[in-house]
Amino acid sequence: MTDEFEVSDSASSFDIKKFLFRALSYWKLFLLLLIVGTFLVYQKNIREEFSYRLGTKLSVEDDSNPLFTSNASLTFNWGGVTAKVQTLIVTLKSRTHHEKVVDRLEFYKSYLEEGRFRKQDIYKAAPFRFDQDYNFPQLINIPVKITFLNADAFELEVDFTEPRVSVQNFNTKEISKVDVTVGLFKKQYKIGEPIHLPFFKGVLRLAENRNASAGAVYFIQFNDFDEVVASYNSRTNVVNTSSSPIIDISLTDKNTEKIVDYLNTIVDVLSEDQLNRKNQYATNAIRFIDEQIARVKGELSLNAEALNAYRKENKIFSLDDESLMLNDKLTKLDEEKEAVNRQLNYYETLQRYLLTSNTFTEIPAPSIAGIEDANILINVSKINELSVQKSKLQYSVRSDASVFNDLNRQIEGLKNVLLENISSATNGLKQDLKAVQNNLSRVENQFSKLPEDQQQLITIERQYTLSEQTYNVFLAKRGEAEIIKASNVSDILVIDPAKNTGATVLGRNLNIRYILMFFAALLIPMIIAFVLTFIDHNIHSPMDIEKLSSIPLLGVIGKNNLNDNLVVHRKPKSAVAEAFRAIRTNLQYYYKSQDLQGAKTLMITSSVSGEGKTFCSINISTVFALSGKKTILLGLDLRKPKIFGDFKINNDVGVVNYLIGQKPLEDVIQKTKIDHLDVIVSGPIPPNPSELIISEKMRELITDLKTKYDYIILDTPPVGLVADALELLDFVDASLYVVRQDYTKKGMLNFVNEKYKTKQVKNISLVYNGYDQKAKYGYGYGYGYGYGYGYGNYANGYHEEDQKKSGFWSRLKSVFKK
């Protein structure tokens, strides 16, 4: 039986019309959502804080130093680094670069003012500045309230909600915790008076040419340095057109003055860093030269002291001609030897540096050692340039990225080539050194023939002259490096510095929110209607019955608004009563068409309890009785008796007592307050109701009642729950199957349809109960059956309905209900 009540495929198909009418019935929900949504969007719009975007434009130039010539000692302009556009873009996007900018501008410190909906960053508009102690940790992420009491004093307030708060040292960037007292902290200070608190230290001073009015309230808030850097980094956009030296930098923020300062500073820091990298080669050379000068200076001083002391001691202040000639030769050979040794020492240092270092950004210039080998010069420049690029990329690119692997391969290749160049050059220099030493030995043999005092003097003068010449060479090289460093200019040319000449306002079109809200308010009821329609398997209109069953529809009963089932008796001129009269007329026509004589029997049943079977039984019995026909209502729902309650009669004795032989028929028949209508209630609930109904006594009962009454109405149990009603089909002339609006499941008709199709059930009709034209499905039943609500507007003057107010608001309300 359960399978017979499953919803069929036809019943489960989606009803578009029902969906549309259901959606239209939710117009009140739509209106409510529209009103609430409009209010919420308005509140959100007035609280919207707009962001602005400004930009700056720069060009990357390849400016050569005009002081460089082919004969220059330091032949590396750029200091061995070629500024690349892509490298600068990576630098602009790097965290390290933004850390420098935020640190320089102190944008981790905000000056706030209470606005209508939030605290607003007023930046330079604040009439004061707070000079914090950079070596002392400051309170972060909690605003410090500053209330000016007068022109010379202010009150500091902090509201602590936790016993431990975070503080940050903006010098070391270290974050720590300090203990505070939960609650409101207050203390008064003079302007310019040092503030020394465990969580806040510095001096508050008035800005230049500014005054603070009494009662003015401001806030100072320090924020986590790393969070501020990440925020600015994410809001900075760097764009470069392919193969173009032009770089566009833009920033989005809520304060245009901050945007201007940040963009200009980001370019300044970039220009300074690029110039420092460009001067790096000269800087390395100067450092190396300074080390050599310090060493040679000491030797020069010692040699000078030794020379003067020897001259004074031996009274020898000049050399003869032969000694002068030999001294010149020795001096020249010593210079050549020193130059070769200087180059050998440089190669040895360079080779050791290449083999032991991971970075090659601090290689001194080969020219300071007098090296003019083109291969050495070019390869040192290239490896220095690649190393600088690698050091910059390590802050913004993962170490396993392909760009790193490519740079490492290039650096490794250049290092191997340099080592081969060093080996080759070293071998050549060793040969040169050997030749110089041979020449020096020959001259020294001639030197040994001079008088001993002359030899000693020449030896001391040789050492002094060598030290002096070496010192002068290094001084000249240092001067060249300083000139090159001072004359270098940055390769970054600012085309358009940031300036607030009309910032682009960012943010969505606020009016579009109203449109989106409208569609959301429209969509929500439609979704609800769709879901409810999709999962809804109830019968909602007489049209549903026509689609689901071929059993004829005998009548449509309106909704009963009374507190009992006696609607025909209490409201005989109501539309519901007229619907029952229409059913009576149709039944009488049916009986006449079947040529039935004598008493007529009618069984009323339904699928399940609650569909109005008893309601229909009582009122159909009533309309037959009102027509002057002797009518009896027989309550055969032995399991769940009901009819006695509406007639206010006793249920102690009924049909059960007759069927078991306890009472005669006369004792179980009870009169009602309605003329010509008697009732036999079900009586006590028996243990075997089905057996009693199919007993021979039931046949005797029906036979006896036919001799006494014109119409016998049987109120039976639902056929979907028990089979009792099917057993009574043999006793009746016609059957009514009650279907209730918004209650009966579509699948429940499958059972009776099957019985009707197989001819097991004959002479059956359907009755549509509980029809409500104002229901949420919009199906006005206008079929013109000649019963039910077929009276149209003419019924308004006939039916006896509750009189309602006919004022303007009532008429307007009725229009909306329709």
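## A lysine and its partner

Lys 57 counts as partly exposed, at 27% relative accessibility (buried is under 20% relative accessible area, exposed over 50%, partly exposed in between, with a 1.4 Å probe and protein chains only). This is a predicted model, where local features need pLDDT of at least 70 and side-chain atom pairs count only at pLDDT 80 or more, while totals for chains, interfaces and linings use all residues. Residues are numbered from 1 along each chain as its sequence is written, and side-chain values use heavy atoms, with hydrogens and water left out.

So who does Lys 57 meet? Its side chain and that of Asp 248 come together in a salt bridge, 2.5 Å from N to O (the rule is a side-chain nitrogen of Lys or Arg within 4 Å of a carboxyl oxygen of Asp or Glu). The pair links distant parts of the chain: Lys 57 is in strand β1 (residues 51-60) and Asp 248 in strand β15 (residues 246-253), 191 residues apart. Helices (H or I, at least four residues) and strands (E, at least two) are DSSP runs, numbered from the N terminus. Asp 248 is partly exposed too, with a relative accessible area of 28%.

Across the whole structure, the search turns up 21 salt bridges. One of them joins Asp 637 and Lys 613, with the closest N and O atoms 3.6 Å apart. Asp 637 lies in the loop between β20 (631-635) and α18 (643-647), and Lys 613 in helix α17 (residues 613-626), so this pair ties together parts that are 24 residues apart in sequence. Buried or exposed? Asp 637 counts as buried at 10% relative accessibility, and Lys 613 counts as buried at 6%.

For a local example, look at helix α22 (residues 696-706), where Glu 700 and Lys 697 sit three residues apart, a separation of about one helical turn. Their side chains meet in a salt bridge at 3.9 Å, N to O. Glu 700 is partly exposed, with a relative accessible area of 36%, and Lys 697 is partly exposed at 26%.

## Aromatic rings

The count of aromatic pairs comes to 28 (ring centres of Phe, Tyr and Trp, the last by its six-membered ring, lie within 6.5 Å; planes under 30 degrees apart are stacked, over 60 edge-to-face, the rest tilted). Among them, Phe 107 and Tyr 123 are edge-to-face, at 5.5 Å centre to centre with 85° between the planes. Phe 107 is in the loop between α5 (95-105) and β2 (109-114), while Tyr 123 is in the loop between β3 (119-121) and β4, so the pair links distant parts of the chain, 16 residues apart. Phe 107 is buried, with a relative accessible area of 3%, and Tyr 123 counts as buried at 12%.

Phe 130 and Phe 200 make a stacked pair, because their ring centres are 4.4 Å apart and their planes are at 10°. This pair also links distant parts of the chain: Phe 130 is in strand β4 and Phe 200 in strand β12, 70 residues apart. Both Phe 130 and Phe 200 are buried.

The charged end of Lys 119 sits over the ring of Phe 219, 4.8 Å from the ring centre, and that of Arg 740 sits over the ring of Tyr 743, at 5.0 Å (NZ of Lys or CZ of Arg has to be within 6 Å of the ring centre and within 35 degrees of the ring normal).

## Around strand β12

Strand β4 (residues 128-132) runs antiparallel to strand β12 (residues 200-206), and five bridges join them (two strands pair if DSSP finds at least two bridges between them). Here Gln 132 stands opposite Gly 202 of β12.

Strand β11 (residues 194-197) pairs with β12 as well, in the antiparallel sense over four bridges. Which residue of β12 is the bridge partner of Ile 195? That's Gly 202. A hairpin connects β11 to β12 through two residues.

## A six-stranded sheet

An open sheet of six strands runs in the order β3-β2-β13-β6-β7-β10, with antiparallel pairing. At the edges stand β3 and β10 (183-190), each with a single partner strand, so one side of each is left without a neighbour in the sheet. The twist averages 30° from one strand to the next (axes are lines fitted to C-alpha atoms, for helices over the stretch in contact, and angles run from 0 to 180 degrees between N-to-C directions).

Within this sheet, β6 (residues 144-148) and β7 (residues 153-160) run antiparallel and are joined by four bridges. Thr 147 stands opposite Glu 155 in β7.
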